[in-house]
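Here is a short report on one structure. It covers a sheet, a helix lying across it, and a helix pair.

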Amino acid sequence: MSARVAVVGSSNLDLVVTASRLPRPGETVLGENFRTVPGGKGANQAVAAARAGAACDFVGAVGDDEFGTRMRASLVDAGVDVRGLRTAAGPSGVALIAVDRDAENFILVAPGANGTLTELDADDRATIAAADVLLLQLEVPLTAVLQAAHWARADGTTVVLNAAPAAALPAALLDLVDVLVVNEHEAAVVAEVASDDPPVLLDALLKLVPRVVLTLGARGAAYADRHGLRLAVPAPQIDAVDTTAAGDAFTGALAVGWAERGASSEDTVTASLRWACAAGAACAQRPGASTALPDRPAIDALYDATYRGAQ
């Protein structure tokens, strides 16, 4: 049987402009291309998990507008079960994204319907209980994130929290997290430390959660847990085109790898981290958010090319 991943999170329509460089505050830069792409961290990670081979259920909210109809259809097309996707009165969430020629980006989000996901119901609990892994982010109200994590812990489902966007988190949520996934900026905010040094960040975060995955962009990822295991995994070397959804590809694939392999040994954790790095790198080779998320053969191909024979 395939791994089952439940995602509770956001769904946005991304309005993306490419430009030679990103503007500074108060500056206007003439863009090059414009496109609209279904996105949102929750929806992206659900699509990433589905394309990576999991049976994936998505709990979220879209508006009763054209954007909402399009985002629902894109999730269905990716093989995501959307029975938990509400339609709320009003606009859907929107993200304004600018991407420069070095694949760097900035993102501004208007939550829209995502802000209505304040409470879950009995059907959502059943969805979470049936999953191997619950995947959470911070683009929907914290009440729903906390409720989902509480139910997952009660029903034996592994809780993976991608603490993005960066925010200080209550102990009530951190106490329910099995695996925290953060980049360096997010790690510093969650840990409330003024450092970008990975060992310092990992040490600080292990005081809050039992396992930490620290994403390092083109440098790969680092891992630490309270059993004393520490790992550093390099990323595949690629020519990046657009890094917008690379983190979501990484996190979705990590959830699938964790569900399939578990964390019983250094070998299984290493394999899951490498596979997630391959997913993130494969995504960064293509433009767009959800449209760039790789399928399992693409992840496997880059994984094999990068890590085959590695010790």
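The notes below take the model part by part.

## Basis

This is a predicted model: local features need pLDDT of at least 70, side-chain atom pairs count only at pLDDT 80 or more, and totals for chains, interfaces and linings use all residues. Residues are numbered from 1 along each chain as its sequence is written, and side-chain values use heavy atoms, with hydrogens and water left out.

Helices (H or I, at least four residues) and strands (E, at least two) are DSSP runs, numbered from the N terminus.

## The sheet

Four strands build an open sheet. Their order is β3-β2-β6-β7, with mixed pairing. Two strands pair if DSSP finds at least two bridges between them. β3 (33-39) and β7 (105-110) are the edge strands, each pairing on one side only. Neighbouring strands are turned by 20 degrees against each other on average, direction ignored.

β6 (residues 93-99) pairs with β7 in the antiparallel sense, over six bridges. Leu96 has Leu108 in β7 as its bridge partner.

## A helix across the sheet

Helix α2 (residues 66-77) lies across β2 (12-18), β3 and β6. It runs at about 65 degrees to β3. Axes are lines fitted to C-alpha atoms, for helices over the stretch in contact, and angles run from 0 to 180 degrees between N-to-C directions.

## The α6–α7 pair

The axes of α6 (residues 184-191) and α7 (residues 198-205) come within 9 Å and cross at roughly 40 degrees. In α6, Glu184, Ala187, Ala188, Val190 and Ala191 meet Pro198, Leu201, Ala204 and Leu205 of α7 (contact means heavy atoms within 4.5 Å).
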